[in-house]
Protein chains: 4
Amino acid sequence: MKKRVAVLGGSGYTGVELLRLLASHPKVELVCVTSRQFAGQKVENVFPSLRGMCGLEFTDGEPADIAGDADVVFTALPHQAAMGVVPELLQAGLKVVDLSADYRLRDAAVYEEWYQPHSSPQLLKEAVYGLPELFRDDIRQARLVANPGCYPTSVALGLAPLLKDGLIAPDSLIIDSKSGTSGAGRSAKLDSLFCEVNEGFKAYGLPRHRHTPEIEQTLGQLAGQPVKVSFTPHLLPVNRGILSTLYATLLRPVSQPELDELYARFYQDEFFVRCTGGVLPNIRQVVGSNFCDVGAVVDGRTGRVVVVSVIDNLLKGAAGQAVQNFNLLLGLDETTGLEAVAVWP
Amino acid sequence: MKKRVAVLGGSGYTGVELLRLLASHPKVELVCVTSRQFAGQKVENVFPSLRGMCGLEFTDGEPADIAGDADVVFTALPHQAAMGVVPELLQAGLKVVDLSADYRLRDAAVYEEWYQPHSSPQLLKEAVYGLPELFRDDIRQARLVANPGCYPTSVALGLAPLLKDGLIAPDSLIIDSKSGTSGAGRSAKLDSLFCEVNEGFKAYGLPRHRHTPEIEQTLGQLAGQPVKVSFTPHLLPVNRGILSTLYATLLRPVSQPELDELYARFYQDEFFVRCTGGVLPNIRQVVGSNFCDVGAVVDGRTGRVVVVSVIDNLLKGAAGQAVQNFNLLLGLDETTGLEAVAVWP
Amino acid sequence: MKKRVAVLGGSGYTGVELLRLLASHPKVELVCVTSRQFAGQKVENVFPSLRGMCGLEFTDGEPADIAGDADVVFTALPHQAAMGVVPELLQAGLKVVDLSADYRLRDAAVYEEWYQPHSSPQLLKEAVYGLPELFRDDIRQARLVANPGCYPTSVALGLAPLLKDGLIAPDSLIIDSKSGTSGAGRSAKLDSLFCEVNEGFKAYGLPRHRHTPEIEQTLGQLAGQPVKVSFTPHLLPVNRGILSTLYATLLRPVSQPELDELYARFYQDEFFVRCTGGVLPNIRQVVGSNFCDVGAVVDGRTGRVVVVSVIDNLLKGAAGQAVQNFNLLLGLDETTGLEAVAVWP
Amino acid sequence: MKKRVAVLGGSGYTGVELLRLLASHPKVELVCVTSRQFAGQKVENVFPSLRGMCGLEFTDGEPADIAGDADVVFTALPHQAAMGVVPELLQAGLKVVDLSADYRLRDAAVYEEWYQPHSSPQLLKEAVYGLPELFRDDIRQARLVANPGCYPTSVALGLAPLLKDGLIAPDSLIIDSKSGTSGAGRSAKLDSLFCEVNEGFKAYGLPRHRHTPEIEQTLGQLAGQPVKVSFTPHLLPVNRGILSTLYATLLRPVSQPELDELYARFYQDEFFVRCTGGVLPNIRQVVGSNFCDVGAVVDGRTGRVVVVSVIDNLLKGAAGQAVQNFNLLLGLDETTGLEAVAVWP
């Protein structure tokens, strides 16, 4: 039996990626896709890549209408817009996978420090942070899954084995991340024009990018103590992909084989995390897939470890992970509809 | 029951694309992948995108060994190398889909004018030109399928409705094609370096690119008379995709709706050809898929029609079409293993 | 003695390219740069590449103010906006190089068919079409130079030797052009986003791109008879560069050496046109320079000639040619301030 | 009076950039350009961007021949090859700007640990490290200038104000650098192919990239004590540009205005270093120019400072800095021939 699924905010890059995945998901019947900007237009005319694959039109649907039609809703709305609809959807008995930042932080005060006032802080305790490799059991029971940010996913999966094992100093963490341009969204901004981005490269958001508290929350849970990080995001002139280079000071000497073994063991049952040992991964090998590839190198000279993790920001960093969470919510095989590997080249 | 399949020449861009498709094809068991350059190395180490998806090593296998293991062989070898193994494979009772140019031309004299001497000209009459949309019934019966070139596929599908209908002057055809850089192959040549290609654009191969006689052979069949074309390929700074802009003089005035109707009718039963009418397609909407999208515009001022067709040169232009042919050879649904649509962006 | 120069519309890609050239031009004192969007901001803050090179702020200046300050004005405004200020500037005694389309077409009726009503048609006869290689003497005497469009420049220089010599059939011309994305301007449009353009390629504007009548006007002058062309522009995923592939039917057989000789002779005194013979040029070899490189190949099989011409759309196709015209207007060496060659890579 | 100049190794990306700069340098007469690979070919045929600008052929010249013709030599040879010719050139009385790594390290033992045996260690003490902003006076007197590496240039200029001022902990330095692909050179390697690099991003060379000791040598001089750094280079899918993100722990709290003031004062007399304060620079704003743009941000939360410096790896990171050193050697204005700014876009 297929589940009836709605996507709110279906015309951004995360939205269209959800549509692509859900249109061919064997357990999904897409019943509604909203977009204020493109309401009334056929999905396949807005995204000709989907021609013949999706017969829907974008609608301007209200939560109440959607609640009547769907069993599960993916909200791919901007932060603040999401909290405007999620409570009503939950109240109507739907399950929600929210891809915004609105329900990711446990502490409303932290949320309000980095974003703006929160209108449904009571849901923050209930929402489950949707990183299956770390919180799978909670996700299975959830009503509301807060799908993680793209940068935080790459960072948490890269550092989890080291922090859990107590191998690194939590106050030494430097996170240097680089994201493809789709991370900036599909709105028509001067800074996102081809001619402004192509052949360029820059850091941005310093020193207070909004993914910082989300990263610190998860790393703190893993470390068992509060963690403060230096986090610098950069903009890559590619469509997709995040690579995070993670620096940490080792608390005791470790050999490269020990490090390789630590990662291999930690992720031995995880389909979507592939450990590459000392051969550091390229974003290319995961783009178009839901994989996170992680490599790590010991630097004996400096007593540091350098970890490199790569994901597709729109898949494991957004829509793919959302479908992975959906599969968990519904008791399906976690990889359903997520089998694609990267094309090369 | 799965078929036992071998890929000869599996480390080029066409080869690895075949591996990607075949590794997840429900009716295929990959038994052998050869590569002189990478013999002895694990496929997933050479192509980390396939990590966890393909357990094979590249081998340096001889045709005789392969014949014993496999039922069907894909030869993704350079021209001239292919004709060195294909006859032996056929003699051993295997079916062969050959992705080289060696068996595409019916006339040995034409082949030898544009390439070099042919060592098995007797097979040219038997080989079936593997463009399913035009020659499906012959392919189903074939022993040896000559998989079409990338440019010729985009051109034949773009012009077939017009030529079959007798709507255009066969001596007026101008073919201006642009291909992504993967079309130049994976060998380490100065001209294919990132820094030589990136931010550049050029024509090449003028005035005698080797795809010319293949194009003229198919267009001639469609027109029912010999055809000579001007064909200019160009190199695009993108990984994948071919766009052919096709100019022809109309033999009688046609309206845009008539033209739209002609294409829609001609391709109404074809899953892999999507007609876009007067909205001309972008290579982006087919890259990563086996689709060929075709649009056409009447220019009343000049009495010409301009057709634009786009394919992924490694899929509908090579490995995807080869799998489509394989499906036909085996009596499977033609779309098996070829369901992916393009990601956006 | 330096000339006092103003640039109207200085924050688009053509505008900033003018600023870059004029800021280091030895005979220019930049006195005013306007931009409605960025009025009040320092040029070097909007374009950090110019940090330390240009002390001006963008202003919202009225033509009357500018007329008092400047001797020569470059108008880099959209069409229709240009005609709103040019007459007043001329009346105030200034010389004007207009980079819009407003004064390029001799015939007001043709302009109005392809654009919109013209408010100063009386100036169309006086304006000189600023293609120095063809109309140098007229430019020297002009008050108002209509700087050519980017596509028309590449086409006119590519075909001039053949048309002047009567070697090709004027009704056979097919023009297949490809432009870098800066040609689409610097306004924040969805279609110009990095993620929409990158790894893509498409035709656009068919069958009636507005550069068509401008192309036909110049080619008609060269041919001595009216000319109708098929013109298809395409969008390249590069910042800069235009490559036009030009097809024409030969009226008599020509050898490759004869063709080489024809081009070499026609352009022997032209610094900015470099003939490459049968080695067809890449846009890369002219990007960042004011050169137009032209190659041509005879195709004996089809009786056609194929010409490839390349320019930087913002230099020889816009700001560079405007400065070349400025140099002519002032009696300077035509290459002043235009000596840069392309970087490689 | 012009100096007679030779370039050894003129067909790599650094070589051709030297040719471009020297061909238009008002005080240079290019007398000889060597290239083993292209000996006998005209420079303008190998690099069509230089058509009409350089009449030389590549030669296979021996040092002895060159010594007779030239006054100054630029050696753009690989390390180890450079030390094979530099001693002879010096002995013949020439001045040498060496762009290889062979004479950059003061300590032969360190050189031999990271490279291979050194055949002229006696010259290491004499060679002057050619970073004009730090060692200008020594360069003026030199016979042999060791032109700095690209990464080390970006790092030293980024950190110099902080280290000189004693503001940061020398053992806390993390250097995360990203380079355009021209940094990998012009040899035909699989890893440098367009299709392998485009749309990709990766770290490489960990944990022992050869620029590490060069970086540590200069930073140690600035700090007045030995320094060990974590250095991770990455490969950007762009032609040119290096961006280094530099992390350091502050030894005392500093405000953003204090930091801005520190950089502005340190570089107040330097034409080629532009301080951008808290507005972090993009590689785009320096590509094609000899500028190094530096921004820095205080992060009070973590007690760290984050510096971003950008250069064109082939200009300030190689050929441009070499010409800057040449100007110093000859007593010319340091900016002669280096006036170009970045094009935008």
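Which backbone oxygen lies 2.7 Å from a polar atom of the side chain of Ser289(C)? The points below take this up after a word on the model.

1. This is a predicted model, in which local features need pLDDT of at least 70 and side-chain atom pairs count only at pLDDT 80 or more, while totals for chains, interfaces and linings use all residues. Residues are numbered from 1 along each chain as its sequence is written, chains are lettered from A and ligands numbered from 1 in the order in which they are written, and side-chain values use heavy atoms, with hydrogens and water left out.

2. The backbone oxygen in question belongs to Val286(C), and the side chain of Ser289(C) also reaches the backbone nitrogen of Phe291(C), at 3.2 Å. Ser289(C) sits in the loop between β12 (273–277) and β13 (292–299) of chain C, where strands (E, at least two residues) and helices (H or I, at least four) are DSSP runs numbered from the N terminus.

3. Ser289(C) is buried, with a relative accessible area of 1%; buried means under 20%, exposed over 50% and partly exposed in between, with a 1.4 Å probe and protein chains only. Leaving aside neighbours within four places in sequence, the residues in contact with Ser289(C) include Asp312(C), Leu315(C) and Val341(C), contact meaning heavy atoms within 4.5 Å.

4. Turning to the interface of chain B and chain C, the contact takes 50 residues from chain B and 50 residues from chain C. The area buried between them is about 3,900 Å², and carbon and sulfur atoms give 54% of this; buried area is the accessible area (1.4 Å probe) that two parts lose on being put together, summed over both. Of the area that chain B buries against chain C, Glu199(B), Phe201(B) and Arg301(B) supply 19%, more than any other three residues.

5. Four salt bridges are counted between chain B and chain C, the term meaning a side-chain nitrogen of Lys or Arg within 4 Å of a carboxyl oxygen of Asp or Glu. In one salt bridge, Asp176(B) pairs with Lys178(C), and the closest N and O atoms are 3.0 Å apart.

6. Chain A is superposed on chain D by a rotation of 180 degrees with 0.0 Å of shift along its axis (RMSD 0.0 Å), and the two copies are thus related as by a two-fold rotation axis. The superposition is by least squares on the C-alpha atoms of residues with pLDDT of at least 70 in both copies.

Terms used:
A polar contact is a pair of N or O atoms within 3.5 Å; within protein, one must be able to donate a hydrogen and the other to accept it, and residues adjacent in sequence count only if both atoms are side-chain atoms.
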